[in-house]
Amino acid sequence: MTTTLATDSRAQTATPVLPTDAAHLAYRPLPAGAARITGGFWALRQERNGHDAVRSGYHQLEAAGNFRNLRIAAGDEEGEAVGPIFMDSDVTKWLEAVAWEYGRAPADDLLELQREVTALYARAQADDGYLDSVQQVRGNGERYTDLKWSHELYCAGHLYQAAVAQHRATGDTGLLDVATKNADHLVATFGEGPGRTADIDGHPVVEMGLVELYRETGTRAYLDLAHWFVDARGHGIIERAGGEPTYFSDRVTARAATTVEGHAVRAVYLAAGAVDVAIETGDTELLAASERQFADMMATKAFITGGLGARWDWEAFGDPYELPTDRGYAETCAAIGGVQWAWRLLLATGKPVYADAIERLLYNAFLAGVSLAGTEYFYVNPLQHRDHAHQDENRSPAHGRRGWFDCACCPPNIMRTFASLDGYLATQADGGLQVHQYATADLGRVRIETGYPHDGRVVVTVTEDGPLALGLRIPAWSDTTAVTTPDGVAHPTPGTLHVVDRHWTAGDTVEVAFDTTAHRFVADDRIDAARGQVAIERGPLVYAVEQADQEGFTVDDLTVDVDAPLTEERRDDLLDGVVALRVPGHAPASHEQPAWPYRRIDGTRPGGAERADEATSVDDAGRGAGGEPGLQADAAGAARPVTAVAIPYYAWANRGAAPMRVWLPIAR
């Protein structure tokens, strides 16, 4: 397969969300093609994603049977459909990635792949616009008979997003024609009124897709149907069809809900679609409800990585503060949905808290889901891993990242997110430019150079003469920030947007120095799984201790000192280049296995007698034989000082799926 660069002048970098002129917004996305990542941290990952992952995705989809299902539906082949009911959505997420990647790095082979698969979709589509290859092959002509599980509208939503991406990035209308024909079919089929069905899909995403299709075509009926789908939730439709309403985000209405619940990806996709509707209709009640839900999610149901979804059972959010470290699910798709939701809230409100959330989600919850090479994936992202953990689980990290899954929602979702990252960097409003995510990039009127996230120095160069209100997000994690402009030095408040409004001369620079000092964090006491432990962050990155970097002790035996200084070491030779942290702590020289793994700390036994099966002795203060509270003693009677090495969490498991911890027990 060739990768010859194409010369199509229509190729443009991504703008996944492009509200209409009438939309109610604080900020607007930059126009298509106005933002381009040009180097540094994210450029390397985009390059690997585009060159290797996106192109290999075609072969993965062929091997998994996704294309064959479409060919059978089109009448090109005969046979039975294979795979989950939502197989088409993997193809359209990949097609969206192809479109954005073509806009980022035009190449003839990408255009050929896009047009080949688009033509296949057109052939598979029914005359009235219906399109779902698995249902067409398996369903004996039936449609929408079990929407709580069939994902027919879910597949439609991803089709619409891919079609819009293709049109914006390449100018091609082939998939857009398929999408509008299908959307017209949905408009004639669903909603209130004669001849329509008052039903909703069990897996939201059609809401986002319909709104974006409205934005691209101007067809108001698409927005109205999206609005109806959002407001239809919480009225018992799925429960009457035999579905459990909490799991399907259908227990309460989108306006009355105070938090997220149920299946994590379903919940955040629905919330993002609700904000799209609110933006386009001016529905302030719906927007306020979404803000309330997001705030509660981040306060009570998000891991320190930003990961979303506590339970392996049903891939669901748990109760407030139910955030297990080793059994946390934190599906990669949920992180992507969280970014999509937060981006829409940022556009709607202009509040920096949403840009901070995007940063946390991207660097930690999302990025951990893909290997540094860009072609192997995690479906789930726990914050602790032990040897042989969850060996029976198909999606377990126990075997390392995998090239594909039977349920392959995450890989193409990751592909489209990398390919569209340019569109999430900055916004515009009232003649100003707001920079929300820091990367080496060209943003039209300014150019950015930075070693972020490992380096807190950012240099912004203005490229045009004239007035400009330049907004710079000051992350909440940066205790002290210095912003040096031609007018002097400012020290803005963390968690704000600092605006430099002046008349610029081309070549003027702004230098920003963020405080990337590493800090230890403790969890709210209600997060049982993290009580008595600390996590470490440096800048926007959450850190982890992985077995590959430790000498002479195992990760699960480590306890750390909370007052000893953390030291940094730049390691360009490690994991594509990271800042490693040296973490003082303690560990036993050997780990003994007692007959009973629990020990008493509230007093000694009568006469000083000790049980033969106790591996350590404990005094009245709960001190081990080494004299330190809570430290396990080794066979010689002492816990010894050690220095652990911590790396960014996103980079773990790139040297095999070794034991790893984010939360580290405190030495007492």
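Tutor: Two strands pair if DSSP finds at least two bridges between them, and strands (E, at least two residues) and helices (H or I, at least four) are DSSP runs numbered from the N terminus. This is a predicted model, in which local features need pLDDT of at least 70 and side-chain atom pairs count only at pLDDT 80 or more, whereas totals for chains, interfaces and linings use all residues. Residues are numbered from 1 along each chain as its sequence is written, and side-chain values use heavy atoms, with hydrogens and water left out.

Student: In the open sheet of 5 strands with mixed pairing, what is the order of the strands?

Tutor: The edge strands are β1 (28-29) and β12 (496-504), each of which pairs on one side only. β1 runs antiparallel to strand β4 (residues 426-429), to which 2 bridges join it. With β1 at one edge and β12 at the other, the order reads β1-β4-β5-β9-β12.

Student: Which residue of β4 is the bridge partner of Pro 29?

Tutor: The pairing to look at is that of β1 with β4, which run antiparallel. In β4, the partner of Pro 29 is Thr 427.

Student: In the open sheet of 7 strands, which are the edge strands?

Tutor: The order of this antiparallel sheet is β2-β6-β7-β8-β13-β10-β11.

Student: Which residue in the hairpin of β18 and β19 takes a positive phi?

Tutor: Strands β18 (residues 567-571) and β19 (residues 578-588) are antiparallel over 5 bridges, and Glu 569 has Ala 580 of β19 as its bridge partner. The hairpin has 6 residues between the strands, and the residue with a positive phi, near 55 degrees, is Leu 575.

Student: How far apart are the end C-alpha atoms of helix α12?

Tutor: The expected span is 1.5 Å times one less than the number of residues, so the 18 residues of α12 (residues 264-281) should span 26 Å. Of these, 17 are buried, and the helix is followed by Gly 282, whose positive phi is near 70 degrees. The distance between the end C-alpha atoms agrees with the expectation, at 26 Å.

Student: Is Gln 135 buried or exposed?

Tutor: Gln 135 is found in helix α5 (residues 133-138), and a polar atom of its side chain lies 3.0 Å from the backbone oxygen of Glu 142. Leaving aside neighbours within four places in sequence, Gln 135 is in contact with Ile 85, Tyr 130, Asn 140, Glu 142, Arg 143 and Glu 152. Because its relative accessibility is 11%, Gln 135 counts as buried.

Notes:
Buried < 20%, exposed > 50% of the residue type's maximum accessible area, 1.4 Å probe, protein only. Polar contact = N/O pair within 3.5 Å; in protein donor to acceptor, adjacent residues only side chain to side chain. Contact = heavy atoms within 4.5 Å.
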